Each structure stands twice: as C-alpha cells, then as structure tokens.
Amino acid sequence: MNLASSLNSLETLLAKLGGWLQSPLLFLIRLWWGWSFIQTGWGKLTHLDRVTNFFASLGLPAPHANAILIGSTECVGGTLLLLGLFARFVSPVLIVMLLVAYWTADREALFSIISHPDKFTAADPFLFLYAALIVFAFGPGRLSLDALVRKKA
C-alpha cells in the first residue's frame with residue numbers, strides 16, 4: 001500500500017467520523033445557542049425600560065417598540081432554534097438581527113474585522129452570529145423537529 005492510498009483511506013475514515021459527529025454537534029449548538037437566545041430575549045423583555053433607554057442612546061427609531069421586537073424575536077427564534085423547527089427560516093432572521101446589533105452597538109468591532117479580528121470576535125453578537133450561520137449553512141441536523149417533520153412527509 002503506497003502513501004497516497006493510505007492517505008485516501010485515512011481521509012475516508014475521518015470523513016465518516018466527521019459525518020457521524022455532524023448531527024450531534026448541530027444538536028448541541030442548537031440547544032446551547034437556542035437557550036442563550038431565549039435567555040437574552042427574556043432579559044430584554046423583563047427589563048424593557050433599561051433596554052429602551054439603551055436603544056434610545058444608540059439613536060434607534062422607536063426604541064421601546066424595537067426592544068419588544070428584538071426581545072420577542074430572540075425568545076421565539078431561540079425556541080425554534082433549540083427545537084430545530086423552521087431552523088433554516090429563523091436563522092437568517094437571527095443573522096440579520098445580529099448584524100444590525102453589530103452595526104448599531106458594536107460598530108467599532110464590526111469595522112475592525114480585518115485590522116483587529118480579536119475585537120470582532122470578542123463582541124457580544126459574535127458567537128450568536130456564528131451559531132446562527134452554522135445552523136443556516138448546515139441545517140438543524142437529524143436530531144431536530146425539522147428532520148422529524150420531513151421524515152413523516
């Protein structure tokens with residue numbers, strides 16, 4: 001057996017292992033970040049005065065209405081993400097919301113993505129955005145309500 005053949009066999013084995021890990025990993029990402037979205041949304045909804053004042057300080061229009069909208073979107077979107085239900089529909093909504101969060105509250109971090117990537121990745125929206133992008137790109141996985149619905153259809 002030559003080196004190229006051995007490398008091909010090893011790559012095939014690693015691809016099978018990676019494929020086996022995909023759904024459990026997506027499941028854990030959805031559980032963790034879905035729950036995190038729910039918690040942050042609930043925090044906004046239960047502290048509307050503080051969030052409204054923060055949104056007003058950012059110059060957002062209708063800060064109270066936006067606080068309710070964002071908090072509700074995080075709660076509902078987080079629940080759907082956690083369950084893996086309508087995951088490819090809700091993840092773009094969450095992605096746009098997080099990009100707006102970068103634009104309004106962490107603009108310096110957003111603009112430093114090339115020059116100081118550590119600022120970008122240290123900003124509050126980063127890991128939420130990353131998780132939503134992963135679910136959008138790869139779907140919710142086989143351990144989801146989307147997969148169960150598709151299986152029955």
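A residue counts as exposed when its relative accessible area is over 50%, as buried when that area is under 20%, and as partly exposed in between. By this rule Glu11 is exposed, because its relative accessibility is 55%. Glu11 is found in helix 1, and the structure described here is a predicted model. Glu11 and Ala65 are 54 residues apart in sequence, and their C-alpha atoms lie 52 Å apart in space.

## Helix 1

Helix 1 covers residues 3-46, a run of 44 residues. At 1.5 Å a residue, such a run should span 64 Å, and the 61 Å between its end C-alpha atoms therefore agrees with expectation. The helix has a kink of about 35 degrees at Gln22, shortly before the proline Pro24. At the start of helix 1, a side-chain oxygen of Asn2 comes to within 3.3 Å of the backbone nitrogen of Ala4.

Whereas Glu11 is exposed at 55% relative accessibility, other residues of helix 1 are buried, among them Ser23, Leu26, Ile29, Arg30 and Trp33. The buried set also includes Gly34, Ser36, Phe37, Ile38, Gly41 and Lys44. An α-helix has 3.6 residues a turn, so residues three or four places apart point the same way. The cover over the buried residues of helix 1 includes helix 2 (48-57), helix 3 (63-83), helix 4 (87-105) and helix 7 (125-138).

## Helix 4

The 19 residues of helix 4 should span 27 Å at 1.5 Å a residue; the end C-alpha atoms are 26 Å apart, so the two values agree. Its buried residues are Ala87, Val90, Ser91, Leu94, Ile95, Met97, Leu98 and Tyr102. These buried residues pack against helix 1, helix 3 and helix 7, and also against helix 5 (107-111), helix 6 (117-122) and helix 8 (145-152).

Leu99 also belongs to helix 4, but Leu99 counts as partly exposed because its relative accessibility is 42%. Leu99 and Leu129 are separated by 30 residues in sequence, yet their C-alpha atoms are 7.8 Å apart.

## The largest pocket

The largest pocket has a volume of about 570 Å³. Its lining comprises 21 residues, of which Lys44, Phe54, Phe55, Glu74 and Ala101 are the closest to the centre. Helix 1, helix 2, helix 3, helix 4 and helix 7 are the elements that each give two or more residues to this lining. The greatest contribution comes from helix 4, with 6 residues. Lys44, named among the residues closest to the pocket centre, is also one of the buried residues of helix 1.

## Two loop residues with positive phi

Ala62 lies in the loop between helix 2 and helix 3, and Phe86 lies in the loop between helix 3 and helix 4. The phi of Ala62 is positive although the residue is not glycine, and Phe86 likewise has a positive phi without being glycine. Ala62 counts as partly exposed because its relative accessibility is 48%. Phe86 is also partly exposed, because its value is 46%. The table sets out these values.

| Residue | Phi | Relative accessibility |
|---|---|---|
| Ala62 | near 45 degrees | 48% |
| Phe86 | near 55 degrees | 46% |

Methods. Residues are numbered from 1 along each chain as its sequence is written. This is a predicted model: local features need pLDDT of at least 70, side-chain atom pairs count only at pLDDT 80 or more; totals for chains, interfaces and linings use all residues. Side-chain values use heavy atoms; hydrogens and water are left out. Helices (H or I, at least four residues) and strands (E, at least two) are DSSP runs, numbered from the N terminus. The expected span of a helix is 1.5 Å times one less than its number of residues. The bend at a residue is the angle between axes fitted to the seven residues ending there and the seven starting there. Buried means under 20% relative accessible area, exposed over 50%, partly exposed in between (1.4 Å probe, protein chains only). Contact means heavy atoms within 4.5 Å. A polar contact is a pair of N or O atoms within 3.5 Å; within protein, one must be able to donate a hydrogen and the other to accept it, and residues adjacent in sequence count only if both atoms are side-chain atoms. On a 1 Å grid over the protein atoms alone, a cavity is a set of points where a 1.4 Å probe fits but cannot get out, and a pocket is an open set with protein on both sides within 12 Å along at least five of seven lines; lining residues have an atom within 4 Å of a point. Grid points are joined across faces, edges and corners, and a volume is the space filled by probe spheres set on the points.
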